[in-house]
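User: I would like to go through this model and ask what stands behind each label. Please set the values against the cut-offs as we go.

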Amino acid sequence: MRKKMVAGNWKMYKTAGEAAILVQNLEDVARDVLGDVEVVVAPPFTALHSVSTVIALDKSPIRLGAQDMFWEEEGAYTGEIAPRMLSDLETSYVIVGHSERRAYFGETDEIVNRKARAVFAHGMTPIVCCGESIETREAGAEADFIAGQIRAGLAGIETMDAMKLVIAYEPIWAIGTGKTASPEQAEEVCAHIRALVCEIFDDVVAARVRILYGGSVKPENAALFFAQPDIDGALVGGAALSVEAFAPIVVAARP
Ligand code: PEP
């Protein structure tokens, strides 16, 4: 039985102070679903420390995520964040290969793979994102496209690590657009991803890997996605920025 995960990607929103208040305000709902749903928040880098401090002081069940990471240990890489800087803040998860990073910052599957392997090497867990554009979907080529991203993104990952892996299927045309994939469309791709994981690793890994859906998940539609057999939760953008929108999504993930 895979524990559901609801992860909030706060993108480039919230100062350190605002982020600390939001995570505090999410603690009640995270305690209510404790044991059933893992709640993750991924604030911007400048707010990781304040959010990490609140989580530690309040003994909060909320897990800390980062939105990105560089793979090198340290060095002259202006503007980048090293793995140890995140693990030092008790970061549990790192989002890698978000479509916004791929589109605006030129991240390739090879970069995503290097990052994912570095995340595991530092005792954290990557949330590896994949997803097709509207053109790819309209051409009926989404299954092959996703297979390419998954095979390249997961290359060289050890089986023991892969057991902990989280994959987020986020069709680009559904991110921040208010358009969602239908639950059936999302399930079809998530089942395809699970089959790929089985091929790349084995059936034990495939049974354990959590696959999230992302793309305009809201309180009104979350339960429909969570009811699908291969969807183990959600990666949430816009609706993760307020307690009013995020808390009902977390509750909807409870079995
Ligand atoms: C995301 O950024 O991962 C995302 C799914 O955004 P939104 O929920 O706003 O579509």
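User: Which residues lie nearest the centre of the second largest pocket, and how many residues line this pocket?

Analyst: This is a predicted model. In it, the second largest pocket has a lining of 18 residues, and Lys11, Gly176, Val236, Gly237 and Gly238 lie nearest its centre. Its volume is about 200 Å³. By class, the lining holds seven nonpolar, eight polar and three charged residues.

User: What is the volume of the largest pocket, and which residues lie nearest its centre?

Analyst: The largest pocket holds about 550 Å³ of space. Its lining has 18 residues, with Lys11, Met12, Gln67, Arg101 and Phe105 nearest the centre. Helix α5, residues 99–105, gives the largest share of that lining, four residues. Nine of the lining residues are nonpolar, four are polar and five are charged.

User: What makes a space a cavity rather than a pocket, and how many cavities of 30 Å³ or more are there?

Analyst: A space is called a cavity because a 1.4 Å probe fits there but cannot get out, whereas a pocket is open. The search of the whole structure finds one cavity of 30 Å³ or more. The volume of the largest cavity is about 30 Å³. Its lining consists of Gly97, His98, Ser99, Arg102, Cys129, Cys130, Gly131, Gln149, Glu170 and Ile175. The elements that each give two or more residues to this lining are α5 and β5, residues 125–130. By class, the lining of the largest cavity has three nonpolar, five polar and two charged residues.

User: How do you know that Cys129 is in no disulfide?

Analyst: A disulfide needs two cysteine sulfur atoms within 2.5 Å. For Cys129, the nearest cysteine sulfur is that of Cys130, 7.6 Å away, so Cys129 is in no disulfide. Cys130 is in no disulfide either, its nearest cysteine sulfur being that of Cys129, at 7.6 Å. The search of the whole structure finds zero disulfides.

User: Why are Cys129 and Cys130 called buried?

Analyst: Buried means under 20% relative accessible area. Cys129 has 1% relative accessibility, so Cys129 counts as buried. Cys130 has 4%, so Cys130 counts as buried too.

User: Which residues are closest to the ligand, and how many surround it?

Analyst: The ligand is surrounded by 14 residues, and the closest are Lys11, Glu170, Gly176, Ser216 and Gly237.

User: Why is Lys59 called exposed?

Analyst: Exposed means over 50% relative accessible area. Lys59 has 71% relative accessibility, so Lys59 counts as exposed. This residue is in the loop between α3 (45–57) and β3 (63–66). Phi of Lys59 is near 45°, a positive value in a residue other than glycine.

User: Why is Ser133 called buried, and which side chains does its side chain contact?

Analyst: Ser133 has 19% relative accessibility, and the limit is under 20%, so Ser133 counts as buried. Ser133 sits in the loop between β5 and α7 (134–138). Its side chain makes polar contacts with the side chain of Glu135, at 3.3 Å, and with that of Thr136, at 3.0 Å.

User: Where is Ile146, and what makes this residue buried?

Analyst: Ile146 is in helix α8, residues 142–153. Its relative accessible area is 0%, so Ile146 is buried under the 20% cut-off.

Technical notes: Residues numbered from 1 in each chain as written. Predicted model: local features only at pLDDT ≥ 70, side-chain atom pairs only at ≥ 80, totals over all residues. Heavy atoms only, no water. 1 Å grid on protein atoms, 1.4 Å probe; cavity = no way out; pocket = protein on both sides within 12 Å on 5 of 7 lines; lining within 4 Å. Points joined across faces, edges and corners; volume = space filled by probe spheres on them. Nonpolar A, V, L, I, M, F, W, Y, C, P; charged D, E, K, R; others polar. Buried < 20%, exposed > 50% of the residue type's maximum accessible area, 1.4 Å probe, protein only. Near = heavy atom within 4 Å. Polar contact = N/O pair within 3.5 Å; in protein donor to acceptor, adjacent residues only side chain to side chain.
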